[in-house]
2 protein chains.
Amino acid sequence: MKNAVGREIPDELLVNNKRVYYGKNQIDGQYEQKVGPKRRIGEKPREDKLVATLREACEKCGVHDGMTISFHSVFRNGDYVAAMAVKTLVEELGVKDLKIAATSLGSAHDIIADYIEKGVVTGIQTSGVRGRIGEVISAGKLKTPAIIRSHGGRPRAIAAGEVTIDIAFIGASASDYYGNAAGIGGKNNSGVIGFAGPDAKYANHVIVVTDTLVPFPNLPAAINAMDVDYVVTVDEVGNPDKIATAEARMTQDPRELMMARNVADIIANTPYFKDGFSFQTGVGGPSLAVNRFLEEHMVKNNIQMGFALGGISNAMCQLQDKGLVKKILDTQCFDKPTIEHLAKNPDKHIEITTDEYANPSNQGAYVNKLDYVVLSALEIDTDFNVNVITGSDGVLRGAPGGHPDTAAGSKCCIIVTPLTRGRMATVCEKVVTVTTPGDTVDVLVTDYGTAVNPLRQDIIDCLDKAGIPHVTIESLKEKAYSLVGRPDDLEWEDKVIAIVEARDGSILDVVRRIKPVTLD
Amino acid sequence: MKNAVGREIPDELLVNNKRVYYGKNQIDGQYEQKVGPKRRIGEKPREDKLVATLREACEKCGVHDGMTISFHSVFRNGDYVAAMAVKTLVEELGVKDLKIAATSLGSAHDIIADYIEKGVVTGIQTSGVRGRIGEVISAGKLKTPAIIRSHGGRPRAIAAGEVTIDIAFIGASASDYYGNAAGIGGKNNSGVIGFAGPDAKYANHVIVVTDTLVPFPNLPAAINAMDVDYVVTVDEVGNPDKIATAEARMTQDPRELMMARNVADIIANTPYFKDGFSFQTGVGGPSLAVNRFLEEHMVKNNIQMGFALGGISNAMCQLQDKGLVKKILDTQCFDKPTIEHLAKNPDKHIEITTDEYANPSNQGAYVNKLDYVVLSALEIDTDFNVNVITGSDGVLRGAPGGHPDTAAGSKCCIIVTPLTRGRMATVCEKVVTVTTPGDTVDVLVTDYGTAVNPLRQDIIDCLDKAGIPHVTIESLKEKAYSLVGRPDDLEWEDKVIAIVEARDGSILDVVRRIKPVTLD
């Protein structure tokens, strides 16, 4: 059955009320029965919740074949807890048929790729699929299709009962002996741990893993002890130096700076750019650089940002320190200075969960109050559909993250990307995989020109009025193809290796096994 | 069927898995399936959640005969919102068979007594039943027995699905247009609004009622906009001057001061009195005065309180300002200086919900970490059972509040009360109604002597070692009877007018209709 972004969804996936994507805002105004966790009652006073080892904590919670576990990804490539947890369950406790419902997976989790190959890990639900895990899933080695969700889609699925987490392992920079835990106050700080918020609320068991025990009560805390079964101390929960990736840098590339300046100019010439406006930007080179040029416009127009949202980097913290940003609503700290800034500014740099950030089924996530979001793309097609999950070779190597959520929620979603990367056209006829539907994407800024989605005549008028040049997205695609050639169609097998869920839970796209499979 | 505190519970109440009270910690370690709310999905961005009138907000949420509504009691006798909400539903929308699941009810809610008499309000679930409401319920005018729960029992019942709230009306001192709401930052501040925490999480609809709209996003906030359907502004949400009751004063009565000193001496001579100890006290005269004498012991022994818990009054804030209390965990501000102190000290004076405070079915409420609690009583019997709900005339005029929760959770629960009040013996053979089971009560301090529960030989040994005199509770009862006479037995009809639930949901006692009924 074909869905609203023109993708053919196999009928056999449309079971258990699963439906294809019909378009944005299809569930708005409906009523949803949220589920609750099955929790151990702690009526009797006890001294603490400390147990000596992760193994013991797992045993006390109860382990069984086929169980589903979760962990968060705030330490990104520096995360140690997920690997510890999986290893304990598989190696020490012999759990088979393990399902993983992580917030994201990357190079810190190569051990999970091994367990997929061994057939021990049989299910993956995640936003990001990077590194070896993406390769083995793409190679068809996971027993069931991976389910790819956005940051907002994940808490939606959890609250709807589509995912039941048996044990959530929550790596925390600091915790008291009762489980009041946070990403600050320890020796390895991650900053916010809002990715784990839904897990703490909905998992049947919650184990806090920390390397820094602090005095009780560790309040205010991001993770509430009322939700925590056990606390385990380990040597190191993660390495904050590995949170910042190569992408999270302020670019010096003149092309990227030009694109960033163009994005800022577009923002400054649309009607939402007024005192109290809200803004989110990614960490890719040109996205991040938008901050710099936006600052000039804000100062010139004497306006202040009402709130900055999303994954936060130091550039935004600096803007706040200059008095240009009233509140930062932070769902992930992208670098160490941001972590320090969070700890020092509890009144205006505020941790939020992914639920608050982006869940389409609560009563209005913060993405719904976004004026502008600036996002990158691996590919964007002439219907403005964006792909941020599969490479041009068809292999999983990305993450929707908050991309589809912020695109859907914001008043103006701007994609900024170079027209080509190496020999690949970024603007193309049909993206390999749709992760963000085109009707939620408003503007595309490339190094070869800007295109506005024809659905947004209001923005076209603004650009015309401001004398900002723009072209059709078809012309950008043609330009890209003229530079690097029209790509050959990828050849796919029938086997579905991943399902891309829209944020509302419907099926947006599927990823099939590519043939021949390219590994390494 | 007789329960563990010797009360005869009518069989007809033991339906739907309801059981009689077996004793403390009977549900510890069991697993409970928590429920979730049925929530309206807010996928589509919208400017705000403001609606012009309470009536419109109710209509948008949907009203029906037999519906259950809730509101919190943090403004105590100064609350305006509950009356507004009930009046709107009954007078403007014609709702019949209305059920009320409030955190407490008192003199601010006389209008509900009228609606009970008219047969429009047919069900009451509450902690406190004071004023006219207590009288009309006691007179048998409510169609179904009132259900009396402790502050911990209420969130337990809500999370277990025993109460389904159709609409929660949350009066808030300040809110943004999206429903991020708090008890500070407005023109009529209540301080914490943690009583409404479970309602915000579990009600199917949440309406925030405020008299002070503040800029979005109003963060950090006690009530999360993600849970809120609509925001309504009114002239005044409540009168903070009426929060402090006559009881919440620092006594000058020499008898009360003597009792308070004795309580502090007992605390100082038990092993939990060490650096980092935790403490809660009520607002009755002698309870509150304990702070003063405890301060002397703390200074002398050079120890600091780890945390103070519960309803908080200015005496505790002052102790913290002197450096004697590390954290205050505040579930209700008892006076205006405490409200101001909360606003000024977000790092160490911390708002908690009643769920975190006292719910026996989460994974360890703060009451479970209490070393000492000092509580008052209307009556205490020779089994150490306490009554804080019915007067000596059998009429409802009190509130269990956190009494049974803190008694059960704390290591040492001290009841402080004069031996007689007027012509009534406070220490008696059988309390009129059991609200706190005797096996959770450890020490009784009266103006005629101290008694220790024989279950606590360890505390008896401590007192003996310190040379603190104590007597049997039987001798205190005899002394009381010798002073004011043995009271006549009350005469009851069969009709049950209220059920007192133990904090674990079992039936602790019932209150029958007294004959003859005495109404003003």
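1. In chain A, α3(A) is followed by Gly119(A), with a positive phi near 80°. Helices here are DSSP runs of H or I with at least four residues; strands are runs of E with at least two; both are numbered from the N terminus.

2. A word on the basis. This is a predicted model, in which local features need pLDDT of at least 70, side-chain atom pairs count only at pLDDT 80 or more, and totals for chains, interfaces and linings use all residues. Residues are numbered from 1 along each chain as its sequence is written, chains are lettered from A and ligands numbered from 1 in the order in which they are written, and side-chain values use heavy atoms, leaving out hydrogens and water.

3. Helix α3 of chain B spans residues 110-117. Its buried residues are Ile112(B), Ala113(B), Tyr115(B) and Ile116(B). Buried means under 20% relative accessible area, exposed over 50%, and partly exposed in between, with a 1.4 Å probe and protein chains only. As background, an α-helix has 3.6 residues a turn, so residues three or four places apart point the same way.

4. What covers that face? The cover of the buried residues of α3(B) includes β4 (68-71), α2 (81-92), β5 (98-101), β6 (121-126) and α4 (131-138) of chain B.

5. Now α2(B) against α3(B). Their axes come within 9 Å and cross at roughly 30°. The two helices are therefore roughly parallel. Angles under 35 degrees count as roughly parallel, over 145 as roughly antiparallel, 65 to 115 as roughly perpendicular, and the rest as oblique. Axes are lines fitted to C-alpha atoms, for helices over the stretch in contact, with angles from 0 to 180 degrees between N-to-C directions. Ala83(B), Val86(B), Lys87(B), Val90(B) and Glu91(B) of α2(B) meet Ile111(B), Ile112(B) and Tyr115(B) of α3(B). Contact means heavy atoms within 4.5 Å. By class, this contact has six nonpolar, no polar and two charged residues. Ala, Val, Leu, Ile, Met, Phe, Trp, Tyr, Cys and Pro count as nonpolar, Asp, Glu, Lys and Arg as charged, and the others, Gly among them, as polar.

6. Helices α7 (residues 254-268) and α8 (residues 285-301) of chain B have axes that come within 7 Å and cross at roughly 50°. α7(B) and α8(B) are therefore oblique to each other. The contact includes Leu257(B), Val263(B) and Ile267(B) of α7(B), and Val290(B), Phe293(B) and Leu294(B) of α8(B). By class, the contact of α7(B) with α8(B) has twelve nonpolar, two polar and four charged residues.

7. α8(B) also packs with helix α9 (residues 314-321) of chain B, at about 20° and with axes 9 Å apart. α8(B) and α9(B) are therefore roughly parallel. Leu288(B), Asn291(B) and Glu295(B) of α8(B) meet Ala315(B), Met316(B) and Leu319(B) of α9(B). By class, that contact has four nonpolar, one polar and one charged residues.

8. Last, a loop residue. Thr53(B) sits between β3 (50-51) and α1 (54-61) of chain B. Thr53(B) is partly exposed, with a relative accessible area of 37%.
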